[in-house]
Amino acid sequence: MSGGMPKDSVPESSSSSNHRPPPQLSRYESQKRRDWNTFGQYLKNQRPPVMLSQCNCNHVLDFLRYLDQFGKTKVHLHGCVFFGQPDPPASCTCPLRQAWGSLDALIGRLRAAYEEHGGSPQTNPFGNGAIRVYLREVRECQAKARGIPYKKKKKKNQIKSKDQAKTSNQNPQMHSLLQKNGSSA
Ligand SMILES: [Zn+2]
């Protein structure tokens, strides 16, 4: 394990003295700690093991995909008859995944934890743009597969024109998918 973490940014945690009883942690804090440990364990289990200092956004993306096997959110595949149905009348064999919201919150906690453990914000792999793109795709995909729109309904021509869209980097493919989804009747 690495003992070379800078101490100045993390006055709370000291590696030398374990005498102090852990303070009462909020749910967020304890969850964050659990997530951080899980991620650290995941890196260690890689072959070869990945040092935290070598960790980049690809490791994070792999980690997110790895977590899907523990997910509890049914995400219908395109071939499933329940694709796009928020409340299917029967069960199907589509895979369970991590819900987008869970992943999004997880990334937020790990991003904070990374910096609390001495990581630099500039190199924070959890803050990488690739992660944001991935999460957006997951959100898109799950919203469609589960028939749960995350956006307010808009008229088609409004979607087409990028009038006041804050996110200018939304790709046109996304829009066409949204339109397709909107008119399933
Ligand atoms: Zn299904």
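A nonpolar core is a set of buried Ala, Val, Leu, Ile, Met, Phe, Trp, Tyr and Cys residues joined through C-beta atoms within 7 Å. In this predicted model, the largest such core holds 12 residues. The protein chain has 185 residues, of which buried residues make up 14%. Its secondary structure comes to 6 helices and 2 strands.

**Chain layout**
- Read from the N terminus, the order of elements in the protein chain is α-α-β-β-α-α-α-α.
- Of the contacts in the protein chain with a separation of 6 or more, 64% are between residues 24 or more positions apart.

**Largest nonpolar core**
- The members of the core are Phe39, Val60, Phe63, Trp100, Leu103, Leu106, Ile107, Leu110, Tyr114, Phe126, Ile131 and Val138.
- Two or more residues of this core come from each of α2, α3 and α4.
- The most are given by α3, with 6 residues.
- Phe39 is in contact with Phe63 and Leu110, when its neighbours within four places in sequence are left aside.

**Packing of α1 and α3**
- Helix α1 spans residues 27-45 and helix α3 spans residues 100-116.
- The two helices pack at an angle of about 80°, and their axes are 9 Å apart.
- Angles of 65 to 115 degrees count as roughly perpendicular, and α1 and α3 are therefore roughly perpendicular to each other.
- On the α1 side, the contact is made by Gln31, Lys32, Asp35, Trp36 and Phe39.
- On the α3 side, Leu106, Arg109, Leu110, Ala112 and Ala113 take part.
- By class, the residues of the contact of α1 with α3 are 6 nonpolar, 1 polar and 3 charged.

**Packing of α2 and α4**
- Helix α2 covers residues 57-67, and helix α4 covers residues 129-145.
- Their packing angle is about 25°, with the axes 9 Å apart.
- Angles under 35 degrees count as roughly parallel, so α2 and α4 are roughly parallel to each other.
- The crossing of these two helices, α2 and α4, is right-handed.
- From α2, the residues Cys57, Val60, Leu61 and Leu64 meet Ala130, Ile131 and Tyr134 in α4.
- The contact of α2 with α4 consists of 7 nonpolar residues, with no polar and no charged ones.

- Phe39 belongs to the largest nonpolar core and is one of the α1 residues in the contact with α3.
- Leu106 and Leu110 are also among the core residues, and both belong to the α3 side of the contact with α1.
- Val60 and Ile131 are members of the core as well, and they take part in the contact of α2 with α4.

Note on methods
Residues numbered from 1 in each chain as written. Predicted model: local features only at pLDDT ≥ 70, side-chain atom pairs only at ≥ 80, totals over all residues. Axes fitted to C-alpha atoms, helices over the stretch in contact; angles between N-to-C directions. Helix = DSSP H or I, 4+ residues; strand = E, 2+ residues; numbered from the N terminus. Parallel < 35°, antiparallel > 145°, perpendicular 65-115°, else oblique. Left-handed = near helix turned anticlockwise from the far one by under 90°. Contact = placed C-beta atoms within 7 Å. Nonpolar A, V, L, I, M, F, W, Y, C, P; charged D, E, K, R; others polar. Buried ≥ 20, exposed ≤ 12 C-beta atoms within 10 Å, placed from the backbone.
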